Amino acid sequence: MSANKKLFLSAVSSEFVSYRNLLADDLKRPNLDVAVQEDFVVTGGKTLEKLDTYIRHCDAIIHLIGKATGGVPEEPAVAALLATYPDLGTRLRPLAENLRKSQPGFSYTQWKHISRSITSAHSFIYRPTDFELNARNVPRADRFVFSPAEVRSQNNHYQRISALGHDRGEFLNEERLSSAVLRDLVEILPRLESTTDVRPTKLRHTPSDSLAATTT
């Protein structure tokens, strides 16, 4: 029996937690594992390492880029990851300048996409339709706080990764995003088996019963 396929949903929960939750529900299948960052227990500087290990074995990562960056891992965790991939700047040239710094400043959410970019996993990147606007036209979580510095960081992040050719378009709300993801992942997602449970009847029919039913 083949192993389950694996997906990772990457989004800043303070901005798009409801989007991520709806996606997780819509993607549910018996032979598909869907993970989010909260599935990984924070133990010292190990979260980044655990995320990288999981993503390396994923079939695809769905990455929502909004106006919030989320938390930034500490420098020792970043140093350990860069030691694992000493040629990362060469492999991902749009990131080379940042990767020369001891603390590139990438958030956990941004690092997840970087991890995916050095694996064979498929990448599906989506932005809200107001990503480049000062307005907030797309619904967000109540905890979302607008920060000009984070907006600049996310814009820079998008410019870097769009150069890698992984942009899948924009979304207006939860339902539009979910529909787009399910459409884009049609070749990756395991098929849902449609079965109908029919309870066996306790009645026993004989040829004479059937004949009698047709003549009455």
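1. In helix H3 (residues 75-84), the residues Ala77, Val78, Leu81 and Leu82 are buried; buried denotes under 20% relative accessible area and exposed over 50%, with a 1.4 Å probe and protein chains only. These four residues lie on the same side of H3, because they cover an arc of only 135° around the axis, the arc being that of the directions from the helix axis to the C-beta atoms. An α-helix has 3.6 residues a turn, so residues three or four places apart point the same way. Helices (H or I, at least four residues) and strands (E, at least two) are DSSP runs numbered from the N terminus.

2. The model is predicted: local features need pLDDT of at least 70 and side-chain atom pairs count only at pLDDT 80 or more, whereas totals for chains, interfaces and linings use all residues. Residues are numbered from 1 along each chain as its sequence is written, and side-chain values use heavy atoms, with hydrogens and water left out.

3. The face of H3 turned away from its buried side carries Pro76 and Ala83, which are exposed. The cover over the buried residues of H3 includes helices H2 (47-56), H4 (88-91), H5 (96-99) and H6 (108-117).

4. Five strands form an open sheet in the order S2-S1-S3-S4-S5, with parallel pairing; two strands pair if DSSP finds at least two bridges between them. Strands S2 (32-35) and S5 (167-171) stand at the edges with a single partner strand each, so one side of each is left without a neighbour in the sheet. On average, neighbouring strands of this sheet are turned by 20° against each other, direction ignored; the axes are lines fitted to C-alpha atoms.

5. Strand S1 (residues 5-10) pairs with S2 in the parallel sense over 4 bridges, and Phe8 has Ala35 in S2 as its bridge partner. Between S1 and S2 the chain passes through helix H1 (residues 13-26) in a right-handed β-α-β crossover. Right-handed here means that, with the strands pointing away from the viewer, the path from the first strand over the helix to the second runs clockwise.

6. S1 also pairs with S3 in the parallel sense, over 4 bridges; Leu7 has Ala60 in S3 as its bridge partner. Strand S3 (residues 60-64) is joined in turn to strand S4 (residues 122-128) by 5 bridges, the two running parallel, and Leu64 stands opposite Tyr126 in S4.

7. The chain averages a pLDDT of 82, and 83% of the residues score at least 70; pLDDT is the predictor's confidence in each residue, from 0 to 100. Over residues 194-216 the pLDDT is below 50, and this stretch has 1 contact in the model beyond near neighbours in sequence, contact meaning heavy atoms within 4.5 Å. Where pLDDT is low, the predicted coordinates should not be read in detail.

Key
Axes fitted to C-alpha atoms, helices over the stretch in contact; angles between N-to-C directions.
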